[in-house]
Amino acid sequence: MREIPPEPLALPASSCYDGCDYDEEVLPMLSSAVVHRRALHRIPELDDQLPETTAYVRAVLEGLPCRVSSPIPGSVCAFFDADKSETVAFRADLDALPVSECTGLPWASVHPGKMHACGHDGHTAMMLALAEYVGAHLDTLPRNVLFLFQPAEETTGGALHLCQSGMLARHNASRVFGLHLWPGLPAGQVYTRPGAMMARANEVTVTITGKSVHLSRAAEGLDALTAGAEYLRRAYAMTDALPPEELVVLRFGKMVSGTVRNAVSGKTVLEGSLRTYREETFRLCRDQLRAIGQDIARETGCGAEVYLNEGYPAVWNHEALYDAVCAGLGEHAPRLLEAPVLAAEDFSFYQQEVPGVFFFLGVGSTPELHAQDFSFDDEAVLPAGVEFLKRLLTL
């Protein structure tokens, strides 16, 4: 792919660098993606309450030859019409986390208790840089281009609501791509795999209701603590008995029971998470978790309620599109991720609408995602990510 010389950078009028101690002689030397990332990193916002973030994104997009819209709260979508019959969609997530930043960076968060600790600022910055490129080269592209800047990836699954708005169907999207910064992979290198990429995540809450009495009359009570412990044992035994090729993890991280040491517990609540990849495996585990609750209730006399939320589906990369990407990019093809990961991502909702492939962009040896000190070498990582995204445009 022909290398395009970088164009002079121009920040939006409502620049997030206002008040930032930043060398103005250095700023024009940085890539567009780095400039956007550092600006966005200073103004993290949560869920779908993203007024400053969406204002910044709009300020960039509205100077480009595209139609900008906000089909759901906290979203910004941009459609570049190349007068083609099909559209390729690219997704970025806008929201941050309720984390207090302690990186000490010049562009650290100015919003106390909020931080871009999961790399969403980098995702958005790369897509803005790609949009700038698309705006300058639209007549050379084989497809129309749709950018989906979504809210609430960390909370309620903004991808689902954006899909329900009909954006993909309305613009005849035939494929969708997204990527995520990923610690532990070589900086600037892109990885993916066909099929299972990231897990389906379902929160599991088990409520055991017994009868509390003084321990001197324990035989008259219904011990919710013992019943809860037995539920935990059987639930773990159930997943341990699955065939080793079934990728599944069930763990309860919280168990609360009783009120005082010398009374039979009248209530136990178990809170955990189930991670699976195949829909059949999820249904099997869900049904067995419910059946274990029914057995515990029948055997102990306690009440047992087992609740699993809807969660996010598994990120499952479309095999034929994956093959097309690898074949079309040749020496620039993404590297193979050897195994799926247990983290979850709402990009999976787009993949249920149209063929999609999700990628990891390595950031090297850094603190973990969601950590207070998460950061990365944006000057090394983000330009490499943008160049990869540009190549996807040509397929």
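1. Basis. Since the coordinates are a prediction, local features need pLDDT of at least 70 and side-chain atom pairs count only at pLDDT 80 or more, while totals for chains, interfaces and linings use all residues. Residues are numbered from 1 along each chain as its sequence is written, and side-chain values use heavy atoms, with hydrogens and water left out.

2. The sheet. Helices (H or I, at least four residues) and strands (E, at least two) are DSSP runs numbered from the N terminus; two strands pair if DSSP finds at least two bridges between them. An open sheet of 8 strands has the order S1-S2-S4-S3-S5-S14-S6-S13, with mixed pairing. Strand S1 (67–69) and S13 stand at its edges with a single partner strand each, so one side of each is left without a neighbour in the sheet.

3. Strand S5. Of the 10 residues of S5, 9 are buried (buried means under 20% relative accessible area, exposed over 50% and partly exposed in between, with a 1.4 Å probe and protein chains only). Strand S3 (residues 87–93) runs parallel to S5 and is joined to it by 4 bridges. Phe90 has Phe177 of S5 as its bridge partner, and Val88 has Arg175. S5 also pairs with S14 in the parallel sense, over 7 bridges; Leu179 stands opposite Phe359 in S14.

4. Helix H8. The buried residues of helix H8 (residues 319–329) are Leu321, Tyr322, Val325 and Leu329. Viewed down the axis of H8, they fall within an arc of 105 degrees, so they line one face of the helix; the arc is that of the directions from the helix axis to the C-beta atoms. Their cover includes strand S5 (173–182), strand S14 (356–362) and helix H10 (378–393), where contact means heavy atoms within 4.5 Å. Gly330, with a positive phi near 55 degrees, follows H8.

5. Aromatic rings. Rings of Phe, Tyr and Trp (its six-membered ring) pair if their centres lie within 6.5 Å; planes under 30 degrees apart count as stacked, over 60 as edge-to-face and the rest as tilted. The count by this rule is 14 aromatic pairs. Phe147 and Phe149 have ring centres 6.2 Å apart and planes at 20 degrees, so this pair is stacked; both residues are buried. They belong to one aromatic cluster together with Phe80, Phe90, Phe177, Phe359 and Phe388.

6. Charges over rings. A charge sits over a ring if NZ of Lys or CZ of Arg is within 6 Å of the ring centre and within 35 degrees of the ring normal. Arg38 lies over the face of Trp107, 3.9 Å from the ring centre. The charged end of Arg200 is placed over the ring of Phe282, at 3.7 Å from its centre.

7. Cysteines. A search of the whole structure finds 0 disulfides, a disulfide being a pair of cysteine sulfur atoms within 2.5 Å. The closest cysteine sulfur to that of Cys77 is in Cys163, 10 Å away and too far for a bond. Cys77 is buried at 1% relative accessible area, and Cys302 is buried at 4%.

8. Positive phi values. Most residues other than glycine have a negative phi. Ala152 has a positive phi, near 60 degrees; this residue is in the loop between strand S4 (144–150) and helix H4 (158–164) and is buried, at 3%. His370, with phi near 80 degrees, is in the loop between S14 and H10 and counts as partly exposed, at 40% relative accessibility.
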